[in-house]
Amino acid sequence: MKAAVFDSFGEPADVLRCVDRPEPTPAGRDVRVRMLASPINPSDLMTVRGEYSVRPDPPAVPGYEGVGVVESGGGLMGLALKGKRVAVLNATGGNWAEVVTAPANRCVPVPKDLSVPQAAMFFVNPATAYLLTAKVLAVPRGAWLLQTAAGSSLGQMTIRLGAHRGFRTVNVVRRAEQAEELRGLGADAVVTFDAANESPEDLAAKVNEATGGEPIRYAIDPVAGATGGAAVRCLGEGGRLISFGTLSGEPLAVPARHLLFHGIRIEGFWLGKWMAAAGLPAKLGVMRAVGKLLSAGVIANDVGESFPLNRIAEAAAAAERPGRGGKVWLKIAE
């Protein structure tokens, strides 16, 4: 079978290549899945660089999510999934291949009305956006939620969820041309911020003007670094920020006095850890909720350019190109 592999940690466009490998054989209660598609997420590229919490031993195949058809499997759950199209939630990677094996309980049937790319991106961004806003922060109706990297696929989903659930979003982007697009999705306020050329005080002033001085008690940040630190300073008394990424590659820069004097809380969120700790009813509840939101069109993945496995280096470069327009994904089979 064909698979995308990296033999050593490094820049994805430099170290990823498409090779022939033996097809895996499922063991125990695992299932064998013929893959159709898989997105290229920041977590995948961080894994290739050796910067993610999951650090496989090279040579390794990346890919934490994707969609495929179950061909075989053991146990009652494996038998029940045979022939079904499923989202493959591979906790250790491996989905950038024509055939994968995974535990049956990490393969979830996806709604029939979802297209292949939407089904491939069924879980990571939609579930994270849903959990952060509805469960972890439980943002109430009418409240303001501030988010950085608002032009990302997950950022756009958060805007749509706000419009659907009744909370308001103030959205931080780097490029002014993103503002009109985000307003079209339902963004209540959009502000630009360039951490390299502006101060945290600049962002706080812009946010204060955009919200009419109303306090902000909820924020989510996948950037960290100076941008994440500036977002913390926009929070009012008792505010709470969830850090769920490090796109900047830098530590979250926050003065301790800001936390001490204003009672600000900063917490981390990692979807993989949440899923590992959640019971089966909670997991199924999240999957059902996300499936309904996607099927109803409340949220949608921003689908970008597709590449075959044999163009993996080109795909990795495209996934990191600024202003690329939609998430890059691998079209593995028809």
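1. Start with β3 and β15. Strand β3 (residues 30-39) is joined to β15 by three bridges, and the two run antiparallel. Proline 39 is the residue that stands opposite tryptophan 329 in β15. Keep in mind that this is a predicted model, so everything below describes computed geometry.

2. Three bridges tie strand β14 (residues 303-307) to β15, here in the parallel sense, with valine 303 opposite lysine 327. As for cover, β15 (residues 327-331) is mostly shielded, with four of its five residues buried.

3. Next, the open sheet. It has six strands in the order β10-β9-β8-β11-β12-β13, and the pairing is parallel. β10 (189-192) and β13 (265-268) are the edge strands; each has a single partner strand, so one side of each lacks a neighbour in the sheet. On average, neighbouring strands are turned by 20° against each other, with direction ignored. Helix α9 (residues 225-232) packs on this sheet, where it touches β8, β11, β12 (240-243) and β13, and its direction makes about 160° with that of β12. For the background, strands of a sheet pair through backbone hydrogen bonds, in either a parallel or an antiparallel way.

4. β8 deserves a look of its own. From this strand (residues 144-147), Trp144 and Leu146 point one way while Leu145 and Gln147 point the other way, and all are buried. On one count, four bridges join β8 to the parallel strand β9 (residues 168-173), where glutamine 147 has asparagine 171 as its bridge partner.

5. What lies between β8 and β9 in their β-α-β unit, and what is the handedness? Helix α6 (residues 153-165) is the helix of that unit, and the unit is right-handed.

6. α6 also meets a neighbouring helix. The axes of α6 and α7 (residues 178-185) come within 9 Å and cross at roughly 40°, so the two helices are oblique to each other. On the α6 side the contact involves Gln156, Ile159 and Arg160, and on the α7 side Glu181, Leu182 and Leu185. Sorted by class, that contact has three nonpolar, one polar and two charged residues.

7. Now set α5 and α12 beside that. Helix α5 (residues 124-136) and helix α12 (residues 280-295) have axes that come within 10 Å and cross at roughly 105°, so this pair counts as roughly perpendicular. Pro126, Ala127, Tyr130 and Leu131 in α5 meet Val286, Ala289, Val290, Leu293 and Leu294 in α12. By class, the contact has nine nonpolar residues, no polar ones and no charged ones.

8. Some backbone spots to check by eye. Most residues other than glycine have a negative phi, and most peptide bonds are trans. Alanine 138 has a positive phi of about 50° although it is not a glycine; this alanine is in the loop between α5 and β8. Alanine 224 also has a positive phi, near 65°, and belongs to the loop between β11 and α9. Are these two residues buried or exposed? Alanine 138 is partly exposed, with a relative accessible area of 41%, whereas alanine 224 is buried, at 3%.

9. There is a cis bond too. The peptide bond from proline 58 to proline 59 is cis, with omega near 0°. Proline 59 is in the loop between α2 and β4 (67-73).

10. Last, serine 43. This residue lies in helix α2 (residues 42-49). Why does serine 43 count as buried? Its relative accessibility is 15%, and the cut-off for buried is under 20%. Leaving aside residues up to four places away in sequence, serine 43 touches Tyr52 and Tyr64.

Terms used: Residues are numbered from 1 along each chain as its sequence is written. This is a predicted model: local features need pLDDT of at least 70, side-chain atom pairs count only at pLDDT 80 or more; totals for chains, interfaces and linings use all residues. Side-chain values use heavy atoms; hydrogens and water are left out. Buried means under 20% relative accessible area, exposed over 50%, partly exposed in between (1.4 Å probe, protein chains only). Two strands pair if DSSP finds at least two bridges between them. A crossover is right-handed if, with the strands pointing away from the viewer, the path from the first strand over the helix to the second runs clockwise. Axes are lines fitted to C-alpha atoms, for helices over the stretch in contact, and angles run from 0 to 180 degrees between N-to-C directions. Contact means heavy atoms within 4.5 Å. Angles under 35 degrees count as roughly parallel, over 145 as roughly antiparallel, 65 to 115 as roughly perpendicular and the rest as oblique. Ala, Val, Leu, Ile, Met, Phe, Trp, Tyr, Cys and Pro count as nonpolar, Asp, Glu, Lys and Arg as charged, and the others, Gly among them, as polar.
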